[in-house]
Amino acid sequence: MTRFIKLIEAISRASGMAAAGLIALGVFVVCEMVFERSVLGTNTVWQVDFVTNCLVAATFIGSPYVLMTRGHVNVDVLPLRAGPRLRYALALFSIVLAMGFIVVLAVLGYNYWHEAWINNWRSNTVWRERLWIPYSAMPIGLALLALQYVAELICLVTVRSPPFGIENDSPVNPELVP
């Protein structure tokens with residue numbers, strides 16, 4: 001089980017690096033677009049679509065890393081004040097509910113990608129890109145996020161990590177205390 005968790009964490013780290021690369025690539029293309037339009041005086045065709053797709057893909061592909069590092073926005077007033085048993089139950093409930101939601105989204109994202117692939121959908125822009133390429137970020141990112149939720153669930157159930165990252169003996173999250 002430890003190897004599985006380490007594998008999923010390695011995949012989540014790689015997805016975080018891929019997301020960072022997509023953001024950096026998007027920034028580079030924006031700079032290239034500004035140079036092309038202002039210095040060369042030419043029209044841009046593909047840059048806006050490319051940057052938009054990079055940022056959307058980075059959001060989906062990077063989500064497992066954000067979950068693994070607990071980088072998402074939390075409203076943890078209830079878990080901070082709850083006792084150990086309630087905190088555990090809340091964590092279990094939220095992981096299972098979120099995982100179910102993500103699996104449904106991954107299946108729907110796959111169906112959407114597959115329809116774009118089969119029907120050879122193209123964008124309505126001058127670039128006419130094949131839409132299955134950017135749409136692939138949805139099922140890939142959501143499937144990786146579901147795997148990270150499985151790892152989170154295993155860590156919670158096997159007591160490898162505390163619920164919500166809050167130790168049971170501490171009524172307040174130590175990260176919030178100055």
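Tutor: Happy to! A disulfide is a covalent bond between the sulfur atoms of two cysteines, and here a pair is counted as one when the two sulfur atoms lie within 2.5 Å. Please keep in mind that this is a predicted model. A search of the whole structure finds 0 disulfides. Take cysteine 54: the closest cysteine sulfur to its own belongs to cysteine 31, and at 13 Å that is too far for a bond. Cysteine 54 is also buried, its relative accessible area being 4%. Cysteine 155 is buried as well, with a relative accessible area of 11%.

Valine 126 sits in the loop that links α4 (84-118) and α5 (132-135). With a relative accessible area of 70%, valine 126 counts as exposed, since the cut-off for that class is over 50%. Valine 126 also belongs to a nonpolar surface patch, together with Val45, Trp46 and Trp127. The accessible area of these residues together is about 370 Å².

Asparagine 111 is partly exposed, and its relative accessible area is 41%. If you follow the chain 28 residues along from asparagine 111, you reach proline 139, and the C-alpha atoms of the two are separated by 8.6 Å.

To come back to your request: cysteine 54 and cysteine 155 are both buried, and the structure holds 0 disulfides.

Terms used: Residues numbered from 1 in each chain as written. Predicted model: local features only at pLDDT ≥ 70, side-chain atom pairs only at ≥ 80, totals over all residues. Heavy atoms only, no water. Patch = residues over 30% accessible without salt bridge, like charges linked within 9 Å, V, L, I, M, F, W, Y side chains within 5 Å. Areas by Shrake-Rupley, 256 points an atom, 1.4 Å probe, with all protein chains shown as cover. Salt bridge = Lys/Arg side-chain N within 4 Å of Asp/Glu carboxyl O. Helix = DSSP H or I, 4+ residues; strand = E, 2+ residues; numbered from the N terminus. Buried < 20%, exposed > 50% of the residue type's maximum accessible area, 1.4 Å probe, protein only.
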